[in-house]
Amino acid sequence: MAIDVGGTKIAAGLVDRRGGVESLTTVATGSFGADSLRRAAAVADSVAADADAVGAEIVGVGIGVPELVEDGRITSEAVVGWTDQGVREAFSDFRPIRVEADIRAAALAEARSRTGAGAKVSLYVNLGTGISHCLLIEGRPFEGQHGRALLSGSTVLTALDTRRNELVGSCVEDVASGRGISERYADLTGEVLSAPQVFDLARRGDAQARLVVDQATELLGHLVATLIDILDPAEVIVGGGLCNVRGLVDRVAGVARRSVWSHRAKATPIAPATLGPQAGVIGAGLTLLDHIG
């Protein structure tokens, strides 16, 4: 069984070792803490009933969460507020349990798909409500020392404003995430729209929307270029909900290629992910299957 927990929805299904998905079910995440955990446990029971109906054997549960995870242990309470003990109790019928950061789960799934196959070092960048990244080494997500090698979206990028002779810093997510794009447009206009709606307005010539989108795209391109310069991947895979915005990945890739330092690195392939919203579920299942061998 595989469960992908997001800030707005929980998706669950049955995943096999080839990455196939059956009985995919989604529900709203609900409130922070116990409520969202109860919802996840309920959808797990529903998927388990589907498995029984077709005679499938559930060998455990893999869970991807939008939190910091170190070797299967949740180490933050930023988005859903789950604890390891709470997870063990909620999913006790489906042991063994393996928890992973959602970004690494999605990256693993993409690495097993055609996009990531064969590359010794790949970089997965998620552009959605938030922004994060995962380095894959020979197809396996790199955690870092404490499970925190994913926080590029929380990075403050700083530049020198030569006119005022001041350093100006900006958090990438505040400008270029889905949340940031929506909030910046609302700050400028007073109108609350989703990020895809802001992109649509920009295409139709709305000046404020174009400003927000152009600045977000520029910053995303520089972020990807910085990651390429530092990590030297063979390829960059761009996933998350915003990668479905028409032309965005190409625009980000164009900025990145202009910005990377090494001439050879300008040829680094930058392409959209292929698995769409199923990536997190598939990756959560594969994480568990890899763990139990």
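Contact here means heavy atoms within 4.5 Å of each other. The model is a predicted one, where local features need pLDDT of at least 70 and side-chain atom pairs count only at pLDDT 80 or more, while totals for chains, interfaces and linings use all residues. Residues are numbered from 1 along each chain as its sequence is written, and side-chain values use heavy atoms, with hydrogens and water left out.

Back to Ser36, which sits in helix H1; helices (H or I, at least four residues) and strands (E, at least two) are DSSP runs, numbered from the N terminus. Ser36 counts as buried because its relative accessibility is 0%, the classes being buried under 20% relative accessible area, exposed over 50% and partly exposed in between (1.4 Å probe, protein chains only). Its side chain joins that of Trp82 in a polar contact of 2.8 Å. Such a contact is a pair of N or O atoms within 3.5 Å; within protein, one must be able to donate a hydrogen and the other to accept it, and residues adjacent in sequence count only if both atoms are side-chain atoms.

Strand E2 (residues 9-15) is joined to E3 by 6 bridges, and the two run antiparallel, with Val15 opposite Val21 in E3. E4 and E7 pair in the parallel sense over 5 bridges, and Val65 stands opposite Ala101 in E7. Of the 5 residues of E7, 4 are buried.

A second open sheet, also with mixed pairing, has 5 strands in the order E10-E9-E8-E13-E14. Strand E10 (140-141) and strand E14 (270-272) each have a single partner strand, so one side of each is left without a neighbour in the sheet. E13 and E14 run parallel, joined by 3 bridges, and Ile237 stands opposite Ala271 in E14.

As for the interior, a nonpolar core is a set of buried Ala, Val, Leu, Ile, Met, Phe, Trp, Tyr and Cys residues joined through side-chain atoms within 4.5 Å. The largest has 39 residues, and those with the most contacts inside it are Ile181, Val198, Val236, Leu242 and Ile270. H7 gives the most to this core, with 11 residues. Apart from this core lies another, of 37 residues, among them Ala44, Ala51, Ile63 and Ala101.

In helix H5, the buried residues include Ile181 and Tyr185. What covers the buried residues of H5 includes helix H4 (172-176), helix H6 (195-203) and helix H7 (207-231). Gly190 follows H5, with a positive phi near 85°.

How values were computed: Two strands pair if DSSP finds at least two bridges between them.
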